[in-house]
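Visitor: I'm new to this one and would like to be walked through a few of its contacts. Could we look at it together?
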Amino acid sequence: MRNSAPALEAAPRRPRKFTWLNIKKDFIKNWPLFIMVLPAIAFYIIFHYIPMGGLLMAFENYKPKLGFFGSPFVGLKNFADFFGSAYSWRVIRNTIVLSLLQIGIEFPLTILFALLLNELRSKRYRKTIQTVSYMPYFISMVVVAGIIIDFCSTEGAVTAIVGAVTGNYDNLLGSPDNWRTIYVVSDLWKNLGFDSIIYVAALSSIDQTLYEAAEIDGANRFQRILRVTIPGIIDTIMIMLILRVGQMLSVGYEKTILLYNPQVYETADILSSFVYRKGLQEANYGYSTAVSLFNSVINFVLLIFANTFSKKYTESGLF
């Protein structure tokens, strides 16, 4: 019996998209765009990829006069020295605690601030609050640290207020118990407004008809925030949270080294400040590079984990 169905023809092969010929044609067609992106590419190559060759120092007893290839190779000795030192657990613990405080306090308060701004009906009042909240971000960190030091000194304004309540007029930055609180509160004051910009932008893209429909259905303001506003920006929230988790161990050293002192190392010394002291002050380049490499690897693992978790449960991710 003859088969009435025609034989299926083999599907034609799709031409390869990324070939040198196609790239050449695309470059000829869009060469102004390629020229525009060259500075950005050069920036990342010069300041991000070429310096990665310095990771060799993590496995060497690096000596500047001998260079990368002339310095003695020591393998994992620098890593073993760090994890075997009395300071490894302290700096790792302090970094994790400070990062969790930032994620647990600063991150939700930034979202809450953006939601409150979005609920303001007066545009003039909203713009005024936004402008005032953005201003501290543009103040130099050195100036901010100077203000904090003055306010928290024995005769400072903040110390006077705290002393009126507790009776203790000592320098607040000299107490290990107060250092994290001062760090987080000052960080919140400086970055709250600027960090909320991306959430304010995401809120402006929500379809206003959804609010009208919710209001017709009898939803009050809080219910509209809960059922319309937050779901409308959940993708942005998750992406920002992934980025925060991916930088958990990368707490900046600038503010830390400007505010801390040996009296508060027990709670203030973090990985980045430890790397700064070992690398630039003590010139132990191999050791500090090993600690920095460990920091980067852990951040990379946390980023992958956070992105995978987010894609599994919220279908939102960076990649």
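Visitor: Which residue lies over the face of Y183?
Guide: Keeping in mind that this is a predicted model, the residue over the face of Y183 is K255, at 4.5 Å from the ring centre. There is another arrangement to look at, in which the charged end of R277 sits over the ring of Y265, 4.6 Å from its centre.

Visitor: And rings with rings, how many aromatic pairs are there?
Guide: A search of the whole structure finds 19 aromatic pairs.

Visitor: Where do F82 and Y287 lie?
Guide: F82 belongs to helix α4, residues 77-83, while Y287 belongs to helix α16, residues 285-313, so this pair ties together parts that are 205 residues apart in sequence.

Visitor: Are F82 and Y287 buried or exposed?
Guide: Both F82 and Y287 are buried.

Visitor: Changing topic to helices, at what angle do α11 and α12 pack?
Guide: Helix α11, residues 208-216, packs against helix α12, residues 221-246, at an angle of about 145 degrees, and their axes are 10 Å apart. The crossing of α11 with α12 is right-handed.

Visitor: Which residues meet there, from α11 and α12?
Guide: From α11 come L210, Y211, A214 and E215, and they meet R224, V228 and T229 of α12. Sorted by class, the residues of this contact are four nonpolar, one polar and two charged.

Visitor: What about α10 and α12, how do their axes cross?
Guide: The axes of helix α10, residues 197-204, and α12 cross at roughly 145 degrees and come within 9 Å, and α10 passes α12 in a right-handed crossing. On the α10 side the contact is made by I198, Y199, A202 and L203, and on the α12 side by T229, I233, T236, I237 and M240.

Visitor: How many charged residues does the contact of α10 with α12 have?
Guide: The contact of α10 with α12 has no charged residues, and consists of seven nonpolar and two polar ones.

Technical notes:
Residues numbered from 1 in each chain as written. Predicted model: local features only at pLDDT ≥ 70, side-chain atom pairs only at ≥ 80, totals over all residues. Heavy atoms only, no water. Phe/Tyr/Trp six-rings, centres within 6.5 Å; stacked < 30°, edge-to-face > 60°. Helix = DSSP H or I, 4+ residues; strand = E, 2+ residues; numbered from the N terminus. Buried < 20%, exposed > 50% of the residue type's maximum accessible area, 1.4 Å probe, protein only. Lys NZ or Arg CZ within 6 Å of the ring centre and 35° of its normal. Axes fitted to C-alpha atoms, helices over the stretch in contact; angles between N-to-C directions. Left-handed = near helix turned anticlockwise from the far one by under 90°. Contact = heavy atoms within 4.5 Å. Nonpolar A, V, L, I, M, F, W, Y, C, P; charged D, E, K, R; others polar.
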